[in-house]
Amino acid sequence: MSNADRHGLIAQAVRDKGSATVQQLAELTGTSEMTIRRDLDTLAAQGILVRVRGGARSLLLRGEEPPFALRAHEAVDAKRRIAAEISALIADGESVLLDSGTTCLEVARLLRERPVTVMPLSLQAIHALSDPPGTAALMVPGGRPRSAEGALTGPLALASLAALRFDTAIIGCCGLSAAEGLTAYDLDDAAVKKAAIASSRRTVVAADGSKLGHTAYAYVGPATLLHTLVTDTTAPANEVTALESAGTIVKTA
């Protein structure tokens with residue numbers, strides 16, 4: 001098991017249970033308690049969990065969005081497969097609006113060497129597309145970065161979106177269902193997603209299976225706004241069927 005895989009497993013276990021002991025995590029990962037203690041120190045320094053005597057506890061409140069650093073360790077293989085499927089949907093020469101989030105960051109890494117124009121809505125994706133410069137033409141919007149997330153929001157971000165028109169918007173997903181539509185955890189983030197959809201000819205949503213059937217706090221819009229959903233094999237079959245009935249093309253990576 002690689003360090004990244006082990007860190008992801010530890011972070012998920014602490015998040016799911018609220019807390020875990022060093023012994024429990026050593027048994028879970030099949031590694032020594034000394035290794036687990038080093039892992040917990042690393043994850044604590046990244047703001048993913050809190051070290052306590054004999055183990056760790058979660059920083060996450062019920063109903064709160066998991067921090068970017070934690071989400072970056074979750075479902076990594078699925079996110080990369082989803083990103084590859086989305087990249088295949090983008091034709092050379094397209095103008096692409098790229099939302100914030102860990103899956104969209106994987107998309108940015110793939111689009112970097114494509115002959116496309118990309119406007120990313122997060123600092124992480126801007127960095128991935130610009131350092132070092134790739135083939136893609138990079139457009140940088142205005143906006144105020146959300147703390148820790150790096151997502152660009154606020155009046156300047158909205159003005160950037162209103163001034164342009166894109167072939168495709170690739171939208172990250174906090175929650176999606178046929179009944180409740182697309183939702184986000186943050187009102188400012190929801191406003192940016194709405195503006196992104198309005199400024200684009202086609203909307204492609206990137207969402208691993210854990211997001212389907214889930215509803216977050218801030219409403220973005222109905223599922224009928226979505227042209228394509230790219231998800232993974234863990235997506236609930238009933239939600240996939242309901243979204244397809246609503247007119248969304250669903251692709252499984």
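This note covers a sheet, its neighbouring helix and several salt bridges in a predicted model.

1. Basis. Local features need pLDDT of at least 70 and side-chain atom pairs count only at pLDDT 80 or more, while totals for chains, interfaces and linings use all residues. Residues are numbered from 1 along each chain as its sequence is written, and side-chain values use heavy atoms, with hydrogens and water left out.

2. Sheet. Three strands, in the order β10-β11-β13, form an open sheet with antiparallel pairing (strands are DSSP E runs of at least two residues, helices H or I runs of at least four, numbered from the N terminus; pairing needs at least two DSSP bridges). β10 (175-177) and β13 (218-221) are the edge strands, each pairing on one side only. β10 and β11 (residues 181-184) share 3 bridges; glycine 175 has threonine 183 as its bridge partner in β11.

3. Salt bridges. The structure holds 12 (a side-chain nitrogen of Lys or Arg within 4 Å of a carboxyl oxygen of Asp or Glu). Aspartate 188 and arginine 144 form one of them, with the closest N and O atoms 3.4 Å apart. Aspartate 188 lies in helix α9 and arginine 144 in strand β7 (residues 144-145), so the pair ties together parts 44 residues apart in sequence.

4. Helix α6. Glutamate 106 and arginine 109 both lie in α6 (residues 102-111), 3 residues apart, and their side chains meet in a salt bridge (3.0 Å, N to O). Glutamate 106 is buried at 14% relative accessibility, whereas arginine 109 is partly exposed at 46% (buried is under 20% relative accessible area, exposed over 50%, partly exposed in between; 1.4 Å probe, protein chains only). A network of salt bridges links Arg80, Glu106 and Arg109.
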